[in-house]
Amino acid sequence: MKSWIVTELSERIWINANIATLDPGVDAPYGALLDQALTVRDGRIVSLVPMADLPAIPDSAEVVDARGGWITPGLIDAHTHLVFAGNRAREFEQRLLGVSYEQIARDGGGILSTVRETRAASVEQLVALALPRITALMKEGVTQVEIKSGYGLDPVSELKMLRAARRLGECLPVRVATSLLAAHALPPEYADNSDRYIEVICREMIPAAVEEGLADAVDVFCETIAFSPQQCERVFRAAAEYGLGIRAHVEQLSNLHGAELAAGYGAWSVDHLEWLDEAGVKALAASGTVATLLPGAFYCLRETRLPPIDLLRKYGVPMALATDLNPGTSPLASLRLAMHMGCTLFRLTPQEALAGVTCNAAQALGQGDELGRIGVGMRADMVLWDIEHPAELACQFGVNPVRQRIVGGEVCNV
């Protein structure tokens with residue numbers, strides 16, 4: 001067990017709880033089961049029964065009275081860039097004055113300005129800078145965070161970012177998944193040779209990250225201001241060779257059919273998707289790839305073209321929601337606010353929003369068999385909320401109703 005575990009009791013029982021299981025096998029909104037007792041042993045859920053059927057409780061078990069509160073799966077932020085140095089508040093001003101995201105990037109700002117600061121920082125500095133961001137997410141009920149590299153853009157700095165991300169998961173009561181996003185932007189030293197940089201990613205960065213156990217997946221930015229579909233495909237092939245999951249930023253600013261490409265490689269998730277077309281949606285449905293929606297970036301960039309929510313529903317594509325927490329285009333450290341934005345901006349229902357940060361987010365990280373739902377055999381990552389109905393979690397923000405945040409069956413202080 002990790003050093004952040006508060007206690008090491010083998011069994012806990014939550015009684016008088018309403019459970020939003022998010023289990024499609026439960027025929028009720030939110031997969032709701034009322035007036036339940038939930039038992040956890042050795043980090044996993046071992047029983048879920050109505051209070052009327054609860055057997056005698058062993059003296060050795062710790063009992064938590066939920067008092068009619070709601071238990072949901074732990075929230076999962078499946079797309080963040082929260083390890084970085086520096087800030088880009090000046091760019092916020094520029095965008096408000098009418099300068100486009102693309103122009104800022106072409107003028108050396110955007111991602112490359114963060115690259116300069118991040119390259120100069122140590123692992124220890126990156127961890128210290130990231131702590132307030134990840135702690136803010138945890139306080140709202142987040143039990144797992146995906147963290148990308150992508151602000152180093154050279155082998156040393158990319159691995160440094162991933163080490164910082166892994167360290168956060170070792171010192172804090174939160175699960176951390178990592179993605180090698182070296183194909184995020186073209187570093188200045190390869191300004192005239194993007195194909196050579198892709199070769200460095202495939203032949204140096206991916207093998208090194210795998211050897212050190214630093215990456216769970218690769219990610220790419222398939223876009224006119226970043227990398228072509230052909231270049232992204234080379235990264236996907238290298239990732240598949242080394243057994244890494246595949247994720248992709250696609251169809252944010254234009255339609256390069258990156259979603260179809262990623263789906264063809266069995267991608268766990270494709271993200272952004274404002275320009276996704278019906279052919280792309282069909283490809284996601286066929287591959288089981290999750291569509292991860294990022295309303296924070298949509299909001300901050302003042303976009304007007306919505307992701308094709310109705311098409312995603314029509315073809316049964318699972319939709320995740322995430323903060324896209326980053327210094328430039330989504331400085332958002334609140335997954336609850338992202339849920340609210342998903343409803344108000346993208347017209348998701350509160351149930352879709354909660355699924356987007358639990359079961360579908362887990363699937364977007366390749367962990368849908370272990371996390372994201374409440375059920376016997378699942379890992380006991382959960383949140384006990386002082387709410388009257390699960391819709392409150394997407395409806396309200398700024399007030400924190402978390403009573404307990406539970407990771408691996410352990411009640412955490414944060």
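Which residue is the bridge partner of I19 in strand β5? In this predicted model, the partner of I19 is I71. Residues are numbered from 1 along each chain as its sequence is written, and side-chain values use heavy atoms, with hydrogens and water left out. Because the model is predicted, local features need pLDDT of at least 70 and side-chain atom pairs count only at pLDDT 80 or more, whereas totals for chains, interfaces and linings use all residues.

Strand β1 spans residues 11–20, and nine of its 10 residues are buried, so the strand is largely enclosed by the rest of the structure. Here, buried denotes under 20% relative accessible area, exposed over 50%, and partly exposed in between, for a 1.4 Å probe and protein chains only. Strands (E, at least two residues) and helices (H or I, at least four) are DSSP runs numbered from the N terminus, and two strands pair if DSSP finds at least two bridges between them.

Strand β1 pairs with several strands. With β2 (residues 32–41), the pairing is antiparallel and extends over seven bridges; A17 stands opposite Q36 of β2. With β4 (residues 62–65), β1 runs parallel and is joined by four bridges, and W14 has V64 in β4 as its bridge partner. Strand β5 (residues 70–73) also runs parallel to β1, through two bridges.

Aromatic contacts were examined next. A pair of aromatic rings is described by the distance of the centres and the angle of the planes. Rings of Phe, Tyr and Trp (its six-membered ring) pair if their centres lie within 6.5 Å; planes under 30 degrees apart count as stacked, over 60 as edge-to-face and the rest as tilted. A search of the whole structure finds five aromatic pairs. In one of them, the ring centres of Y190 and Y197 are 5.5 Å apart and the planes meet at 40 degrees, so the pair is tilted. Y190 is partly exposed, at 21% relative accessible area, whereas Y197 is buried, at 0%. The rings of F236 and Y265 are also tilted, because their centres are 5.7 Å apart and their planes stand at 50 degrees. F236 belongs to helix α7 (residues 229–241) and Y265 to the loop between α8 (258–264) and β11 (269–272), so this pair ties together parts 29 residues apart in sequence. Y190, Y197 and F227 form one aromatic cluster.

Charged groups also sit over rings, a term requiring NZ of Lys or CZ of Arg within 6 Å of the ring centre and within 35 degrees of the ring normal. The charged end of R133 lies over the ring of F84, 3.6 Å from its centre.
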